[in-house]
Amino acid sequence: MAIPNRNFSYPTSLKYGAGRIAELADHCKANGIARPLFVTDPGLAAMPMVKKIVADVRNAGLAVEVFADVRPNPVEANIIAGVTAYKAGDHDGVIAFGGGSGLDIGKMIALMHGQTISVFDLEDVDDWWTRADGSKVSPVIAVPTTAGTGSEVGRAGVVTHPATHEKKIIFHPAIMPKVAILDPELTVGLPPKLTAATGMDALAHCLEAYCAPFYHPLSAGIALEGMRLAKENLPRAVKKGGDLDARGNMLVASAMGATAFQRGLGAIHALSHPFGGLYDAHHGLLNGIIMPYVVKANRRRIEKDIERAAAYLGIRGGFDGFLKWIVALRKEIGIPHRLSEIGIDSNRLDEVAAMSIKDPTAGGNPITFTEKQYKALAKKCVVGDL
Ligand SMILES: [Fe+2]
């Protein structure tokens, strides 16, 4: 058998621990940032905790300004407004602070302020990223306030296309944050529903990376341990938000999921991206609902891998036991069983299926589903036919 050529790359420096947000200004300085643009969403920007963090950075001698025009499921207009703010303030780096949208838009502003092309010219297709001038990308310090997206260790951001509502993955290797601060104290205020939804995103990243059909043993190992951390800590973090140990382990599971998914994602994301784009629904919540349907649909290709994972996770009953565990976990943390429970109908399944087969994550699914198969799978997710 031919030995594959593969590139394995894990360069983000992770600073883990309660209270480590106090080091934020030091990490900016160490990375040559004197005038950071602090990018976050309006809800976080208004919080006293965040105002204090910004004040501390300013008191450390850095000319920091806040940009908070970032909506959930961010759009191109958020990037354009951020680039304008970046240039107006003559900034020299970005603090990307928040959940997925704050982190992604922060990275996109760091990427786009020095380019003359559209962000959609840098979609994660072939080597399109080489269209950008990499020397003009600013350094990013990332601070996640949710445990799910893992964008703090990623080289991509997700932006919804204004005309087609497709969620486009924008990729450039230089937007990988230099430092990510994983401080569980920043996540204790996250409400149970959001803790559950974002946590299911982290689990989906680990699970899909683990099942992706590519040679990447480093990612497979990280994904497996990430699943174990999610299994043991997500219910605790949902039920007892102040549990710093559970919160911290979920932050690590989230970073591990996104580290692992350079191996690939799959049909959970290939379905949740179109549903999210068309219905403006929460990404992690969609993944949590869709997860068991996709695992079941992939059975013939992943059964042995899932049996090994189940053994590692202490789940009895092999593949069937694993599937039961996902369903039980969802129930325990309040994730619905069907998409119809969150207001998604069956009226746009043709669009969903057409977008799913084109979604870049579809290529990582263990089975290459046809458009018809995606439509049937999407229908099962809507009506709850597991
Ligand atoms: Fe995701």
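Q: At roughly what angle do the axes of helix H6 and helix H9 cross?
A: In this predicted model, the contact between these helices is made by Asp201, Ala204, His205, Leu207 and Glu208 of H6 together with Ala267, Ile268 and His269 of H9, and these residues divide into four nonpolar, two polar and two charged. The axes of H6 (residues 192-211) and H9 (residues 267-279) come within 9 Å, and they cross at roughly 135 degrees.

Q: Which side chain of opposite charge is nearest to glutamate 152?
A: Glutamate 152 lies in the loop between strand E5 (140-144) and strand E6 (156-160), and, leaving aside neighbours within four places in sequence, its contacts include Thr12, Leu103, Pro177 and Leu251. Glutamate 152 is buried yet has no salt bridge, and the nearest side chain of opposite charge, 7.6 Å away, is lysine 107.

Q: What is the N to O distance in the salt bridge of glutamate 232 and arginine 228?
A: Because glutamate 232 and arginine 228 are four residues apart in helix H7 (residues 217-239), about one helical turn separates them. Glutamate 232 is partly exposed at 41% relative accessibility, and arginine 228 is also partly exposed, at 24%. Their side chains meet in a salt bridge with an N to O distance of 3.0 Å.

Notes:
Residues are numbered from 1 along each chain as its sequence is written. This is a predicted model: local features need pLDDT of at least 70, side-chain atom pairs count only at pLDDT 80 or more; totals for chains, interfaces and linings use all residues. Side-chain values use heavy atoms; hydrogens and water are left out. Axes are lines fitted to C-alpha atoms, for helices over the stretch in contact, and angles run from 0 to 180 degrees between N-to-C directions. Helices (H or I, at least four residues) and strands (E, at least two) are DSSP runs, numbered from the N terminus. Contact means heavy atoms within 4.5 Å. Ala, Val, Leu, Ile, Met, Phe, Trp, Tyr, Cys and Pro count as nonpolar, Asp, Glu, Lys and Arg as charged, and the others, Gly among them, as polar. Buried means under 20% relative accessible area, exposed over 50%, partly exposed in between (1.4 Å probe, protein chains only). Lys and Arg count as positive and Asp and Glu as negative; His and the chain ends are not counted. A salt bridge is a side-chain nitrogen of Lys or Arg within 4 Å of a carboxyl oxygen of Asp or Glu.
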